[in-house]
Amino acid sequence: MNAILVASNRGPVSFTLSEDGSLSMRRGGGGLVSGLSEVAKDLDVLWVCAALSDGDRGAVRLAPGGRLDQAGYETGALRMLDIPPATFHRAYNAVANSTLWFVHHLLYDTPNRPHFDARFRREWESYQTYNEAFATALAEEAPHGARVMVQDYHLSLVPAMLRVERPDLRVAHFSHTPWAPPEYFSLLPDDVAAEVLEGILGADHAGFLTARWGGAFMDCCETVLGARVERASRTVTHEGRTTRVGTHSLGVDGKALWARASEPDVESHMAALRAQVGDRRLIVRIDRTELSKNIVRGLVAYREFLSAHPEWHGRVTHLAFAYPSRHDLPEYREYTAAVQRCAKEIEDEYATEDWDPLILNVDDDYPRSLAAYRLADVLLVNPIRDGMNLVAKEGPILSPGSALVLSREAGAAAELGEHAVTVNPYDVSATAAALHEGLTMPEAERARRGALLATAATALPPHRWFAEQLDALG
């Protein structure tokens with residue numbers, strides 16, 4: 001009864017195939033992996049994930065039944081699924097990242113996209129096949145009565161599939177993204193929209209980062225499926241089964257974050273950044289070049305701030321770390337290019353021989369990011385829509401005297417908004433004004449707000465976040 005399984009697209013490790021044919025292993029990337037890895041290790045969880053690369057597939061093919069821990073790798077209990085690359089590509093890129101992600105983040109340019117045609121139907125079949133592979137593996141691995149924690153929009157069909165094969169299991173699904181309101185969710189073909197909702201309703205417990213996203217899910221169940229929704233008890237009943245809807249606002253392990261941010265490589269980056277910018281005030285942003293992160297509007301807001309406040313010329317620098325994301329998709333490649341064009345325009349207009357108004361880095365470097373947090377005077381987090389946004393929580397922990405400029409459309413705003421300078425992410429002028437407010441905020445007020453932000457950010461660290469969901473399964 002105590003057995004626990006976690007299922008996610010990305011796993012806790014990844015493998016690289018070298019030219020001589022040998023495999024090297026490193027920790028997997030992504031916020032979900034970071035949040036779950038230590039929890040999984042402490043609770044002796046079996047993790048089921050997909051092979052994402054040729055190196056991963058090479059490791060799986062050498063492992064009995066895909067169990068990497070039984071092949072001698074120091075991964076913890078781990079099964080990696082060797083899903084055919086073409087099937088994986090269609091499920092991951094075409095459906096999960098180009099359809100479901102776009103729907104939940106309200107990203108479509110609706111006069112032109114989406115259009116759901118015969119090609120999409122083939123892609124949807126791959127998404128179904130991909131989810132079936134996970135459901136089958138979980139059914140094979142789970143002891144009787146085990147608890148299964150299914151993660152995110154990649155695996156929205158797994159709970160219902162697993163329910164058919166193993167009704168003895170207790171299943172939870174957690175959405176790390178926002179959830180679209182019914183009028184936008186209904187962009188999906190009617191049968192696909194119903195299948196996604198019914199997939200998650202196969203779980204005993206459906207978890208969301210904020211009450212807002214869980215409420216939108218319930219609204220969709222009511223509108224699309226005609227399900228019975230009890231908002232007081234936060235339950236959805238459909239076809240004789242009841243699913244509880246919970247809010248679990250993932251936070252940060254402040255002690256562990258500070259320990260990592262105090263290591264020598266971070267201190268070295270701090271010294272290098274301080275030598276580069278001198279004693280200037282720092283506006284910092286740290287993001288992936290994800291369409292929803294709103295980096296271009298943030299840069300335009302900084303440009304408008306410089307135009308409106310010439311007294312800050314030479315006295316402030318914007319550190320913008322925008323790390324590549326999903327470059328398999330053309331929209332993302334173009335967005336990265338747009339970020340770089342906008343940064344160059346700011347440099348061309350305002351840079352002088354002794355002042356770089358903007359330092360843009362597109363090479364992922366975690367220690368450098370931690371160094372930037374620690375040096376920040378203002379942290380800019382302005383997504384157009386975000387499930388949570390852990391940058392907004394990490395920053396106040398590592399720089400408690402900084403001001404947080406935060407989009408009201410980030411899930412984190414539900415907890416942090418009262419103590420941040422909140423903005424409409426589409427309002428560039430208001431964001432420019434917020435940057436000025438953050439820079440000119442009295443030190444005592446910044447410290448007061450910073451302490452409250454840090455307390456809220458660490459309220460539900462990963463161990464407690466995971467434990468809450470286990471408790472919800474009974």
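Let me start with the cysteines. The sulfur of Cys 220 lies 7.1 Å from the closest cysteine sulfur, that of Cys 221, which is too far for a bond. A disulfide is a covalent bond between the sulfur atoms of two cysteines. The criterion used here is a pair of cysteine sulfur atoms within 2.5 Å, and by that rule the count is zero disulfides. Cys 220 is buried, at 0% relative accessibility, and Cys 221 is also buried, at 0%. Buried means under 20% relative accessible area, exposed over 50% and partly exposed in between, with a 1.4 Å probe and protein chains only.

Some bookkeeping. This is a predicted model, in which local features need pLDDT of at least 70 and side-chain atom pairs count only at pLDDT 80 or more, while totals for chains, interfaces and linings use all residues. Residues are numbered from 1 along each chain as its sequence is written, and side-chain values use heavy atoms, leaving out hydrogens and water.

Next, helix α9, residues 254–261. Helices (H or I, at least four residues) and strands (E, at least two) are DSSP runs, numbered from the N terminus. Which residues of α9 are buried? They are Gly 254, Leu 257 and Ala 261. Viewed down the axis of α9, they fall within an arc of 65 degrees, so they line one face of the helix; the arc is taken over the directions from the helix axis to the C-beta atoms. As background, an α-helix has 3.6 residues a turn, so residues three or four places apart point the same way.

What do the buried residues of α9 pack against? Their partners are α10 (264–277), α13 (366–375) and α14 (391–398), where contact means heavy atoms within 4.5 Å. Take α13: α9 packs on it at an angle of about 105 degrees, with the axes 10 Å apart. That makes α9 roughly perpendicular to α13. Angles under 35 degrees count as roughly parallel, over 145 as roughly antiparallel, 65 to 115 as roughly perpendicular and the rest as oblique. Axes are lines fitted to C-alpha atoms, for helices over the stretch in contact, and angles run from 0 to 180 degrees between N-to-C directions. On the α9 side the contact involves Leu 257, Trp 258, Arg 260 and Ala 261; on the α13 side, Tyr 366, Pro 367, Leu 370 and Arg 374.

Now the strands. Six of them form an open sheet with parallel pairing, in the order β14-β13-β12-β15-β16-β17. The edges are β14 (358–361) and β17 (421–423), each pairing on one side only. From one strand to the next, the twist averages 15 degrees. Two strands pair if DSSP finds at least two bridges between them. Within this sheet, β12 (residues 281–288) and β13 (residues 316–323) run parallel and are joined by eight bridges, with Leu 282 opposite Thr 317.

Elsewhere, β11 (residues 241–247) is joined to β8 (residues 205–208) by four bridges, running parallel, and His 205 stands opposite Arg 244. Four bridges also join β10 (residues 235–238) to β11, this time antiparallel; Val 236 has Thr 243 as its bridge partner. β10 and β11 form a hairpin with two residues between them, and Glu 239 in the turn has a positive phi of about 50 degrees.

Last, Ser 14, in strand β2 (residues 13–17). Ser 14 is buried, with a relative accessible area of 15%. Not counting residues up to four places away in sequence, the residues it touches include Arg 26, Arg 27 and Asp 56.
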